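This note is written for a reader who is meeting the structure for the first time. Please keep the sequence and the 3D view open while reading.

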Amino acid sequence: MSLHKPEPVSLFDTRILRPALAASFKKLNPVELWRNPVMLCVEIASVITLVTFVMSLTGANLEPAWFTGLVSAWLWLTVIFSTFSEALAEGRGKARAASLRSSRTSVTAKLLSRPEFGSAFTTVGASQLRKGDLILVEAGEMIAGDGDVIAGAALVNEAAVTGESAPVVRESGGDRSAVTGGTMVIANSIIVRITANPGETFLDRMISLIEGAKRRKTPNEIALEVLLIALTLVFLLVCINISPLSIYSVTAAGQGQPVSLTVLTALFVCLAPTTIAALLPAIGIAGMDRLFQKNVIALSGRAIEAAGDVNVLLLDKTGTITHGNREAVAFVPVGGHGEQELAQAALMASIADETPEGRSIVALARQNYGFVMEAPPAGAEVIDFSAETRLSGINAHGEQFRKGASDATVAFVKKLGGTTIPAELAEVVHKIARAGATPLVVCRTSEIIGVVNLKDIVKTGIQERFLQLRSMGIKTVMITGDNPLTAAAIAAEAQVDDFLAQAKPEDKLRLIRENQEAGFMVAMTGDGTNDAPALAQADVAVAMNTGTQPAREAANIIDLDSNPTKLLDIVEVGKQILMTRGNLTTFSISNDVAKYFAIIPAMMISVYPQLGALNVMHLATPLSAILSAVIFNALIIPLLVPLALRGTKFRPMPAERLLIHNLLIYGAGGLVAPFVGIKAIDMVIGMLV
Ligand SMILES: Nc1ncnc2c1ncn2[C@@H]1O[C@H](COP(=O)(O)OP(=O)(O)OP(=O)(O)O)[C@@H](O)[C@H]1O
Ligand SMILES: [K+]
Ligand SMILES: [Mg+2]
């Protein structure tokens with residue numbers, strides 16, 4: 001197991017190039033090439049010209065063998081350049097997948113009979129673990145499978161998955177309960193409930209995703225491909241019709257020769273949109289790879305492309321905008337109660353609460369107030385926290401101990417007949433909330449005892465990133481279950497555009513639906529179980545890797561670094577993929593104009609010498625003109641591979657200006673480049689032949 005960040009490998013490293021070269025020949029198999037119909041047509045053209053070459057050698061074809069041979073060779077190269085670019089785009093991912101796979105050593109697990117520390121266990125192999133099994137993982141041991149921590153808290157080194165060696169806390173109850181198989185516990189012990197069968201774990205999914213085994217074409221790719229196939233068919237029909245036309249012309253003019261099969265095939269390949277078709281698979285794969293290098297795992301290419309069009313970004317507060325380890329820092333009593341009394345009531349309300357909030361309250365009561373209680377009193381009834389009730393606690397000693405959101409606790413007390421709400425409560429709650437902390441009000445049955453101050457910290461550097469998002473026209477909205485005052489304070493500090501407070505899971509879902517109905521593309525980042533429904537609804541759903549299993553399952557993108565501003569990178573790559581495709585399509589199609597001028601006069605000049613006037617490029621001979629066009633058509637593919645793999649440079653400017661800018665560069669460039677290129681190649685051929 002490598003516990004260091006894998007060094008970034010250049011795409012043009014020999015460790016990537018060599019296997020890619022081998023893979024590019026394997027991809028010539030028509031069964032595989034079928035996925036790229038335009039290139040399959042070019043392969044068929046290569047076979048046809050190979051036949052005319054053999055016929056030239058045996059004298060069955062009158063064209064010189066050097067000509068048919070070279071045309072065939074360059075057509076084969078055209079296909080290989082395409083398969084090579086795809087293999088190259090896959091290369092870096094394949095290399096990392098291989099290293100992930102080799103690092104998966106056979107691990108054993110301590111299978112528990114009961115979900116308690118100290119209960120008996122049997123040692124089993126990781127491959128025997130099934131969903132629902134409970135395992136004990138102690139310091140120094142590797143976690144044998146994906147799961148949720150159901151008891152305890154531990155420091156976990158996740159370098160095997162994230163490449164980041166700084167350990168992270170994984171604990172039961174809160175939004176940081178998910179653990180990944182193959183990561184290492186380095187301190188304390190946890191009990192994990194296994195959530196994935198062998199072969200279906202996150203690491204397995206990650207490996208097959210990076211290897212491209214599960215890659216599906218995105219709707220955008222399919223739409224573009226339909227267009228490319230249509231264009232190819234049109235040119236195929238044009239070329240097929242030229243043959244009888246030329247035979248007729250020869251008869252009518254009484255001179256010249258009909259256009260040969262080799263020339264027709266060459267013309268077809270030159271006119272077909274081969275440049276974009278050759279690079280199309282590489283563009284998408286390379287985009288996913290660029291994100292992967294930034295530790296973002298996209299479960300679908302569609303999600304990345306949707307990110308390129310996002311208008312609204314919704315972010316969960318705790319754990320996404322803030323660090324999320326809300327920690328109790330003070331007990332503030334109200335209504336004449338003492339601090340010690342409040343600490344005891346808060347301790348009772350939290351002793352069975354496995355959330356980070358609950359645990360930190362227990363810790364504060366023990367450390368600063370001398371309590372030693374370890375477990376709930378015998379016979380106590382535990383009331384777990386839920387996002388719906390926003391309360392938690394226990395019923396014990398004939399009293400109902402609760403803590404929760406201010407309004408929820410006040411409502412609870414009133415329901416039990418409590419009539420005196422301490423006058424200073426509102427002021428204390430407001431003061432804590434205005435500072436961006438979360439106030440939890442504590443009660444003992446119908447009596448309010450005081451307030452717990454839960455502090456949380458906004459992640460550093462988040463403001464500049466939100467500013468950047470704004471300049472790209474993306475609105476940021478924070479959604480939280482917390483009270484409006486805390487929400488407002490955090491929203492102001494993080495500088496989000498808007499916020500929604502006291503949001504229950506269904507409110508988050510509704511906000512997304514409303515935005516989608518208004519025609520917006522919505523992205524959401526979250527980590528909690530209560531975020532899962534909203535994540536499932538969002539167009540782009542980014543889950544923090546530290547988040548809960550339901551959140552990670554509902555998402556279509558997972559950020560291994562758990563950094564909400566990663567969305568910026570995701571948007572950038574999404575835009576780049578869309579732009580690169582558009583630009584190369586423009587370039588590919590505008591290329592055709594020059595190819596007409598190169599090939600048509602050369603093809604027909606023996607029949608109509610007047611066509612010589614069209615030979616504006618003054619190419620040496622008809623054969624050299626056709627060959628030059630074929631060579632240019634092939635060479636342009638490797639020349640554009642770096643652009644396809646790195647993506648068009650991203651400029652944050654309004655969409656229309658960007659479109660005009662790109663049309664000018666790639667449209668005009670596509671017009672001029674082949675005139676220059678074909679002329680240059682023709683001159684070289686002239687010197688050699
Ligand atoms: N363990 C707990 N016991 C009692 N009340 C809690 C507990 N944890 C949170 N609360 C209260 O419930 C409210 C909602 O918490 P929750 O964690 O569901 O928020 P959320 O919807 O996930 O939003 P965010 O994570 O963005 O803050 C909190 O603001 C707090 O007042
Ligand atoms: K072409
Ligand atoms: Mg949350």
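Predicted model: local features only at pLDDT ≥ 70, side-chain atom pairs only at ≥ 80, totals over all residues.

1. The annotated residue. The UniProt annotation "active site", taken from an unreviewed entry, covers Asp316. Asp316 belongs to strand β11, which comprises residues 312-316.

2. Is Asp316 buried or exposed? Asp316 is buried, because 29 other C-beta atoms lie within 10 Å, and a residue counts as buried at 20 or more. Leaving aside neighbours within four places in sequence, Asp316 is in contact with Ile479, Thr480, Thr525, Gly526, Asp527, Gly528 and Asp531.

3. Strand β2 (residues 121-125) is hardly covered: of its 5 residues, the count that are buried is 0.

4. The partners of β1. Strand β1 (residues 108-112) runs antiparallel to β2, and 5 bridges join the two. Strand β1 also runs antiparallel to β3 (residues 134-137), with 2 bridges between them.

5. Helix α12 spans residues 339-350, and its 12 residues reach 16 Å from the first C-alpha to the last, close to the 16 Å expected at 1.5 Å a residue. How many residues of α12 are buried? The helix is mostly covered, with 9 of its 12 residues buried. Among them are Leu342, Leu347 and Met348. The buried residues of α12 pack against one helix, α13 (356-369), and against the strands β12 (327-333), β14 (391-396), β15 (399-404), β16 (438-444) and β17 (447-455).

6. A pair of helices. The axes of helix α7 (residues 219-253) and helix α9 (residues 274-293) come within 11 Å and cross at roughly 175°. That angle makes α7 roughly antiparallel to α9, because angles over 145 degrees count as roughly antiparallel. Where the helices meet, Glu221, Leu224 and Leu228 of α7 face Ile276, Ala277, Leu280 and Gly284 of α9 in contact. In general, an α-helix has 3.6 residues a turn, so residues three or four places apart point the same way.

Definitions and conventions
Residues numbered from 1 in each chain as written. Chains lettered and ligands numbered in written order. UniProt positions renumbered as here; feature names shortened; annotations may be inferred. Helix = DSSP H or I, 4+ residues; strand = E, 2+ residues; numbered from the N terminus. Contact = placed C-beta atoms within 7 Å. Pairing = 2+ DSSP bridges. Expected span 1.5 Å × (residues − 1). Axes fitted to C-alpha atoms, helices over the stretch in contact; angles between N-to-C directions. Parallel < 35°, antiparallel > 145°, perpendicular 65-115°, else oblique.
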